[in-house]
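Please look over the model shown here before reading the notes, which group its computed features by topic.

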Amino acid sequence: MPKIIDHDQRRSDIVDVTWDLITQGGIEAATMREIAAAAGFANGALKHYFPSKDDIIEATYVRALDMMREYVKLDGLRGLAALRELCVSSMPIDAERINAGRVLLTFWQLSLSNRKLHDKYLEHMRSWRGLLHRYLTEGREDGDIVTATPDEQLVDEVVLLNAGANVMSLVSGEFSTVALQHRHLESFLDRLTRP
C-alpha cells in the first residue's frame, strides 16, 4: 500500500525549519539547500511543496503574522482599549515576538526587490492601518480620544513606533527594552486623551 503523505504537514514542517534558520542565522542561513537538509528532503524535493524560495519565505512571513494575530485579544474591545491591545500585542515584548520580528525584518528586506512579496506586505500594512483608523474613530465617538492630531498622523506614529521597536529589539536591545517600549506606548496613548 502506498505511503500517504500529508502535504499540508510537510509544508508546515518546511516553514518550521525556515523559521528556525532565519531566527538563528538570518536570511543568509535559509538557503534552499539548508532548508531541504534541515527538513530531511533532497534539495529538489522542496519544489513539490513550494515553487520557489520566495514562496517559502512568504509562507514563513504569513506564519509570523498569524502568530502576532493570536496575541491580539480584542473580544468586546473597541476604541482606545482596542487600540491599546492591538499596539501592545504587536510589540516585541517577549522572545517569540522578537523572533517574529526577525522573520518580518527578513521579509521586509526581500520585499524591496520582489514585487510579489512587496505587494503582500502592502496588503498587510493596509489592513493594519485600517484597524488603527477604526479604533481611533471609535475612540473619538466614545469621547476617549480627544486629541486634535489628525488620525492619519496618529496611525503613522503607531506604525513607526512598532516598526522601530521591532528593529531596535533585534539590533540594539538595550535601547528597546520592554519597559521602554511600554513607556513610549503609554506616552502616545496618553496624548490621545488630551486636547
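This is a predicted model: local features need pLDDT of at least 70, side-chain atom pairs count only at pLDDT 80 or more; totals for chains, interfaces and linings use all residues.

Residues are numbered from 1 along each chain as its sequence is written, and side-chain values use heavy atoms, with hydrogens and water left out.

**Overall fold**

- The protein has eight helices and zero strands, where helices (H or I, at least four residues) and strands (E, at least two) are DSSP runs numbered from the N terminus.
- Along the principal axes, the C-alpha atoms fill a box of roughly 70 × 40 × 30 Å.
- Of the 195 residues, 42% count as buried, buried being under 20% relative accessible area, exposed over 50% and partly exposed in between, with a 1.4 Å probe and protein chains only.
- Among contacts (heavy atoms within 4.5 Å) between residues at least 6 apart in sequence, 66% join residues at least 24 apart.

**Helix contacts of α1**

- The axes of α1 (residues 7–25) and α3 (residues 53–71) come within 9 Å and cross at roughly 85°; axes are lines fitted to C-alpha atoms, for helices over the stretch in contact, and angles run from 0 to 180 degrees between N-to-C directions.
- By class, the residues of the contact of α1 with α3 divide into nine nonpolar, three polar and two charged; Ala, Val, Leu, Ile, Met, Phe, Trp, Tyr, Cys and Pro count as nonpolar, Asp, Glu, Lys and Arg as charged, and the others, Gly among them, as polar.
- The axes of α1 and α5 also come within 9 Å, and they cross at roughly 90°, so these two helices are roughly perpendicular to each other.
- W19, I22 and T23 of α1 meet N99, A100, R102, V103 and T106 of α5 in that contact, which has four nonpolar, three polar and one charged residues.

**Nonpolar core**

- The largest nonpolar core has 51 residues, and those with the most contacts inside it are I14, I35, L46, L83, L132 and L192; such a core is a set of buried Ala, Val, Leu, Ile, Met, Phe, Trp, Tyr and Cys residues joined through side-chain atoms within 4.5 Å.
- Helix α3 gives the most to this core, with eight residues.
- Not counting residues up to four places away in sequence, L132 touches L83, L86, V155, V158 and V159.

**Residues of α6**

- R129 is found in helix α6 (residues 115–142) and, at 16% relative accessibility, counts as buried.
- Leaving aside neighbours within four places in sequence, R129 is in contact with E152, V155, D156 and V159.
- L122 also lies in α6, but is partly exposed, with a relative accessible area of 25%.

**Record annotations**

- UniProt, in an unreviewed entry, gives "domain: HTH tetR-type" for residues 8–68; its positions follow the numbering used here, feature names are shortened, and annotations may be inferred rather than shown by experiment.
- Over residues 8–68 the chain is 69% helix and 0% strand, with the end C-alpha atoms 21 Å apart.
- UniProt also lists residues 31–50 as "DNA-binding region" (unreviewed entry), a stretch that is 40% helix and 0% strand, with its end C-alpha atoms 14 Å apart.

Definitions and conventions
Angles under 35 degrees count as roughly parallel, over 145 as roughly antiparallel, 65 to 115 as roughly perpendicular and the rest as oblique.
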